[in-house]
Amino acid sequence: MSVALDISAGTLPETAPAVLEVRGLTKRYGGLVAAKNVSFDVRAGEILGLIGPNGSGKSTVMKMIMGIEKPNAGEVRLNGVNLAGKPAYKVARAGIGIVFQHSRPLHRQTVLQNILLGLLPDRLTALRAGHEAVAKAKAIAERVGLSAVLDRLPATLPFADLRRMELAKAIARNPQVVLVDEPFAGLTGGEVKDFSDLIVSFRDEGRAVLLVDHNVKSVAAMVDRVLALYLGETIAEGSAAEVMCNETVRRVYLGGGISTHERPEAVFAHTEPVLQVENLSVFYGKAQALDSVNLLLHPGEFVSVVGLNGAGKTTLFNAISGLVPYTGKIFWQGAPLAGKTPARIARDGLVQCPETRELFGEMSVAENIALGGQHLPKPERLSRRDWLFSLFPILEARAGQIARTLSGGEQQMLAIARSLMMKPKLLILDEPTLGLAPVILSQLSDAMKLLRDQTDITILLGEQNVTFALPNADRVYVLEHARIIWEGSPTRFAKEMASGYL
Amino acid sequence: MKKQLIIAVIVLAVVGIVPLTGVSDYITGVLTMICFYAVFAMSWDLLFGYAGEVNFGPSFLIGVGAYGAGLADANYGLPVVVCIAIGTLAAVVGGLLLAIPALRLRGPYFGLITLVAVLLLQDMIEIFAGTTGGEIGLSVPDVLAVSATVNFYYAFALMVAAGGFLLLVANSPFGLILQASGQDPVEAQALGFNIVKYKVVAFGISAFFSGLAGAMLVFYLGTASVSAMVDVAVGIQVIIAAVLGGRRTIIGPVLGAAFLVGAGEVLRPAGQMSGFIVAALALGVIMLVPDGLLGMVRGRRA
């Protein structure tokens, strides 16, 4: 390690003043507390990593700083001036810029004009952009590596260049604070290096940078400090190494400890696979969300697909459910699924319980469950409902309650129960643990165990929470950057892979 | 862009000469109506194509302009120019009173409010039938000009001026910010733009030309009437013309207006069927080429 690096990573930020001070930031959506009393400083010439699993509130905090969401309480001070609750355009003019993960560029305008947009004054009377602005836009384009494509339309650019354009727009107004949302999502190895270098260069010219990402690992090399959030609260703060060693962080990401209970391989060895995925690829415009994925499920098997947010889990499940177009082949009970409608696929017994839950918020618990069993004769519907109530007793107690008013954990149980009413042969569960407290997780995990041991339903579980994904799994796939990079038993996973999930 | 402008100028020059070549007053009249509808459709495109707001009530702006001018002439006998100015001003003021609160709302509410505004205006005209002429319409004593050819040139000049101004606005930094506000409002604000401000001004510009054209139309037709200027059906025609021609192009809506008005006249012998045929044709074009006639040409080039 060089001396120069020591200075940039440690000494300078201690003495520099805090440009951005966040104090007691709180955001509630109805009964859900998305962020609770979050406070931190970001100094000039410093990169602070704001990390947390899905649903931890990190994006909410970022949006509140930018003025996209209004906080219920708390302050966002830029050089001592409180901006909390001000509209985004005022926050932007005060000196905060943001790099969005998703954005829609102007499609009929060239790259240069798109960057120029970021440089225009907020005035109605400007009928021509000055030469100065054009020259500045060109300089910024050169800096982020877009000089060669200035006159191209966004639709003709590769994905990484579109992201570069977003970086360019964000720094166009020369902000003192730059917020970056998941900078590396969807980028390849070499591009990740380019983007890290660019973000580090923002820091080196004295800007305060707030990086929002899912785990410490992906940002450890460039951040000066890390703040970890979980369920809307700060759980750790310090250097990347300190946060990675922190007990609470380890428990959130890895749980109290990993337990594995796979059934012997021989149980499934001589069965015909119920689902076969071969060479599956999916593109969203320029971004490749899945790259030649192969996957196999045996009847009655419990298989977990582990991957960080953005790895491609939801895309995989949506492709299987017929919701997104793909290349490659998917066979269900030996027959190809291509060309079938999502409704047909669901009626054939391949049921997905989506990450977003998709409950009918204005209907009661009982009505939501009844809707899942619309196609069943009444006696069967009632007996199935009773079985579900024994699986999730809390739902019986809440049968008359409106779904929207349930807690997050209860909503998740209801979503699973509704999927089970459809008599699935294969149940796909997409991140059921999203934003749930640990106590709920153990209840959900018990239900998973019952489903595995007492029914012949095949289960495909997508998770970033390794502790939840492993105990009931017979087999594990690891999905990373759109590819399956590992496959094996949970026990082997615990030995070989778990440390990568901090 | 340059190439399109050159084509537009040539087409305009040809159309501008037609009434001098001894065609019948009927043809000149059709061309005049095309010019008025072209202005309505272009004004609408600034809001829908650029600002991303669907205004279901273009006929509210047209109607306020028309009745404002008509009432000023019928009741006070003011000079035509002054009446037109009053009508235009009324449309801008009425439009802004409507837009400023409505544009702050998110989702489909802006469109719904503009639609309700049309119905309100229609009801007002019928309630105050004593002053406004109600369902029969309001006859005005003055006309733009007696000669059909001169009337055409008034409308033609209006169309060229409105088109030129709207193109200039659409291609200026203002237009760039307006498009960004329409396509990704969150990002536009995060880039430091107060998007409500831009949308309100765009609405004001749209109201200005709609009202001006509505006011002039009264003195061309000799009456202000609900069926010709206020009815929801008039608004739908304007919207179809704009979408048909190609959204976010300004020039496209002129083509759409020419098609719609022209086809309506050509098919007049078909009687009641003509409206149906025109609507079916429009539906076909919108479903097959959602980018409109001009979008089709552009798409092929790209």
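This is a predicted model: local features need pLDDT of at least 70, side-chain atom pairs count only at pLDDT 80 or more; totals for chains, interfaces and linings use all residues.
## A walk through chains A and B

Residues are numbered from 1 along each chain as its sequence is written, and chains are lettered from A and ligands numbered from 1 in the order in which they are written.

Lys2(B) belongs to helix α1 (residues 2-17) of chain B. Helices (H or I, at least four residues) and strands (E, at least two) are DSSP runs, numbered from the N terminus. From Lys2(B) to Thr132(B), 130 residues along the chain, the C-alpha atoms are 46 Å apart.

Further along chain B, helix α3 (residues 58-76) packs against helix α4 (residues 80-102) at an angle of about 145°, and their axes are 7 Å apart. Axes here are lines fitted to C-alpha atoms, for helices over the stretch in contact, and angles run from 0 to 180 degrees between N-to-C directions. Among the residues making the contact are Leu61(B), Val64(B) and Gly65(B) of α3(B), and Cys83(B), Ile84(B) and Gly87(B) of α4(B); two residues are in contact if their C-beta atoms, placed from the backbone, lie within 7 Å. By class, this contact has 11 nonpolar, 6 polar and 1 charged residues. Ala, Val, Leu, Ile, Met, Phe, Trp, Tyr, Cys and Pro count as nonpolar, Asp, Glu, Lys and Arg as charged, and the others, Gly among them, as polar.

Chain A has 20 helices and 20 strands. Its radius of gyration is 24 Å, close to the 23 Å that the globule rule gives for 502 residues, so chain A is as compact as a globular protein of that length. The radius is taken over C-alpha atoms, and the rule is 2.2 Å times the number of residues to the power 0.38. The C-alpha trace of chain A spans about 75 × 50 × 45 Å along its principal axes, and 45% of the 502 residues count as buried.

Where do the two chains meet? In chain A, 25 residues are in contact with 19 residues of chain B. On the side of chain A that touches chain B, the largest share, 4 residues, comes from α3(A). The residues of that side divide into 15 nonpolar, 4 polar and 6 charged.

The largest nonpolar core has 181 residues, of which Ile115(A), Leu179(A) and Tyr37(B) touch the most other members. Such a core is a set of buried Ala, Val, Leu, Ile, Met, Phe, Trp, Tyr and Cys residues joined through C-beta atoms within 7 Å. Helix α10 (residues 195-221) of chain B gives the most to this core, 18 residues. A second, separate core of 61 residues includes Val282(A) and Leu460(A).

Two backbone details remain. Asn279(A) has a positive phi of about 55° although it is not a glycine; Asn279(A) sits in strand β11 (residues 275-284) of chain A and counts as partly exposed, with 13 C-beta neighbours inside 10 Å. Glu431(A), also not a glycine, has a positive phi near 45°. Glu431(A) is in the loop between β17 (426-430) and α18 (438-454) of chain A, and counts as buried because it has 26 C-beta neighbours inside 10 Å.

Technical notes. A residue is buried if 20 or more other C-beta atoms lie within 10 Å of its own, exposed if 12 or fewer, and partly exposed in between; C-beta atoms are placed from the backbone.
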